[in-house]
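Good morning, and thank you for coming.

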Amino acid sequence: MTITGRLRTARGLLSTFAATSAVHLGAIATGASAVQHATKPALMPLLAGWVAARAEHAPKLLVPALAFSTGGDVLLQVGGEAAFLAGMGSFAAAHLCYVTMFVKLGALEDRRRTVLVALAYAAAWGVMISQLWPGLGDLKIPVAVYSLLLSSTAVSSAGLGWRTGLGGALFLLSDTLIATELAEWKALPGHGVWVMATYLAAQYLLAEGTVRATRPENVPLSAPLATAGR
């Protein structure tokens, strides 16, 4: 496929991802469960397809991270504690891919910045776990371990640029909102929409930021792709 063809395909996939995301969020807001279940499994594959079409030289672990996220999305829709734990495990694998990828890309080379960011997230993690702990029941240990991996993604993503850093922070926010539901806190208005909106923005920013940070210097970003989905 020519470069022009690849970019056209990438633009179409990103537009489809944006449209599917909008439909999915609308389905959550209106309680259309059938539409929610039909659209959610397609979200991360569309984003992974966009990465593959747009960036020939994207890090090899980026698409697997999105693939494991797809597994988590599907399992969390099944319902029940076993499926929830399996979904958490799939997302944990996604975070391992993200952290490994960011470390390999040199995200931790600025040690002073890394230490400061890590301290900030460690403080946030401590506060979050201490507040949620009483309501987590049998999920205390799995949530604590998973949240450490999630925080590691947030810390390491911050070293690659503001897009990936914001993506890591939003991923943490999204899963924290899920944890408040597990702990039976009073839900925010539109809780489910906030969970998915922050998650989708997080995954897009992690992918977009990684692609931008690793593209060869002689390969310009196309104007249509730089503005699509905004």
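I begin with tyrosine 98 and phenylalanine 102, which are about one helical turn apart because they lie four residues from each other in helix α4 (residues 81-104). Helices here are DSSP runs of H or I with at least four residues, numbered from the N terminus. This is a predicted model, in which local features need pLDDT of at least 70, side-chain atom pairs count only at pLDDT 80 or more, and totals for chains, interfaces and linings use all residues. Residues are numbered from 1 along each chain as its sequence is written, and side-chain values use heavy atoms, with hydrogens and water left out.

Tyrosine 98 has 0% relative accessibility and therefore counts as buried, a term meaning under 20% relative accessible area with a 1.4 Å probe and protein chains only. Phenylalanine 102 is also buried, at 0%.

Let us turn to a second pair. The ring centres of phenylalanine 171 and tyrosine 199 lie 5.5 Å apart with their planes at 80°, so this pair is edge-to-face. Rings of Phe, Tyr and Trp (its six-membered ring) pair if their centres lie within 6.5 Å, and planes over 60 degrees apart count as edge-to-face. The pair links distant parts of the chain, with phenylalanine 171 in helix α7 and tyrosine 199 in helix α8, 28 residues apart. Both phenylalanine 171 and tyrosine 199 are buried. Ring pairs join Phe91, Phe171 and Tyr199 into a cluster.

Finally, which helix holds glutamine 203? Glutamine 203 belongs to helix α8 (residues 191-214), and its 0% relative accessibility makes it buried.

Technical notes:
Helices (H or I, at least four residues) and strands (E, at least two) are DSSP runs, numbered from the N terminus. Buried means under 20% relative accessible area, exposed over 50%, partly exposed in between (1.4 Å probe, protein chains only). Rings of Phe, Tyr and Trp (its six-membered ring) pair if their centres lie within 6.5 Å; planes under 30 degrees apart count as stacked, over 60 as edge-to-face and the rest as tilted.
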